[in-house]
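Keep the sequence beside you as you read.

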Amino acid sequence: MDLIDRIFLLLQQKNKKQNELAEFLGANIVTVSKWKSKKISPSVEHLAKIAEFLGCSTDYLIFGKEEATNHVVKTGIGNIIGNNIASTNSFYTQTQNQAPLGELEEEILNLCKKMSIKQKMELLQTAYSILEK
């Protein structure tokens, strides 16, 4: 199940309509319909508002589980707190229980530090959609 599937499953479970979501977001109903048909994906800017409307966290929408935040924070790619998406410039903080990063991991994190939050979230969405296949 991907981000789009989770959004529309929650809409159905909560007896909410696509037009209600569109109105809440200040978006066009055609945009929401395109999400459902997977022609386009919701923008990063819409994710927090969608989560608020559906009464869930952005973690659940993106990853399908709440504990995904820990993974994101630990990798330094981004930080998702509750329904708010925030970037982080903190590098991987090594603790007693965490193995040191390899050369490739360090390079990836350095590249991610230079990305905007929107780029980071798009990267994460792409990576998780690849893993779901």
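In which helix does Glu105 lie? The answer is helix 7, which covers residues 103-113. Keep in mind that this is a predicted model. Glu105 has a relative accessibility of 42%. Because buried means under 20% and exposed means over 50%, with partly exposed in between, Glu105 counts as partly exposed.

Glu105 also belongs to a negative surface patch. Patch members must have over 30% relative accessible area and no salt bridge.

Now turn to the salt bridges. How many does the structure hold? There are 2. One joins the side chains of Asp2 and Lys38, with an N to O distance of 3.1 Å. This pair links distant parts of the chain. Asp2 sits in the segment before helix 1, which spans residues 3-13. Lys38 sits in the loop between helix 3 (29-36) and helix 4 (44-54). The two residues are 36 residues apart.

Lys38 also forms a salt bridge with Asp5. Here the closest N and O atoms are 3.1 Å apart. Asp5 lies in helix 1 and Lys38 in the loop between helix 3 and helix 4, so this pair ties together parts that are 33 residues apart in sequence. Salt bridges with shared partners join Asp2, Asp5 and Lys38 into one network.

Are these three residues buried, exposed or partly exposed? Take them in turn. Asp2 has 21% relative accessibility, so Asp2 counts as partly exposed. The cut-off matters here: buried means under 20%. Asp5, at 31%, counts as partly exposed. Lys38, at 43%, counts as partly exposed too.

Finally, look at Glu132. Glu132 is found in helix 8, which covers residues 117-132. Its relative accessibility is 39%, so Glu132 counts as partly exposed. Which residues does Glu132 contact, leaving aside neighbours within four places in sequence? They are Met1, Asp2 and Arg6. Along the chain, Glu132 and Asp2 are 130 residues apart. Their C-alpha atoms are separated by 7.7 Å.

Technical notes:
Residues are numbered from 1 along each chain as its sequence is written. This is a predicted model: local features need pLDDT of at least 70, side-chain atom pairs count only at pLDDT 80 or more; totals for chains, interfaces and linings use all residues. Side-chain values use heavy atoms; hydrogens and water are left out. A salt bridge is a side-chain nitrogen of Lys or Arg within 4 Å of a carboxyl oxygen of Asp or Glu. Helices (H or I, at least four residues) and strands (E, at least two) are DSSP runs, numbered from the N terminus. Buried means under 20% relative accessible area, exposed over 50%, partly exposed in between (1.4 Å probe, protein chains only). Patches are made of residues with over 30% relative accessible area and no salt bridge: like charges are joined within 9 Å, nonpolar side chains (Val, Leu, Ile, Met, Phe, Trp, Tyr) within 5 Å. Accessible areas come from the Shrake-Rupley method with a 1.4 Å probe; for residues, only the protein chains shown count as cover. Lys and Arg count as positive and Asp and Glu as negative; His and the chain ends are not counted. The place of a charge is taken as NZ of Lys, CZ of Arg, CG of Asp or CD of Glu. Contact means heavy atoms within 4.5 Å.
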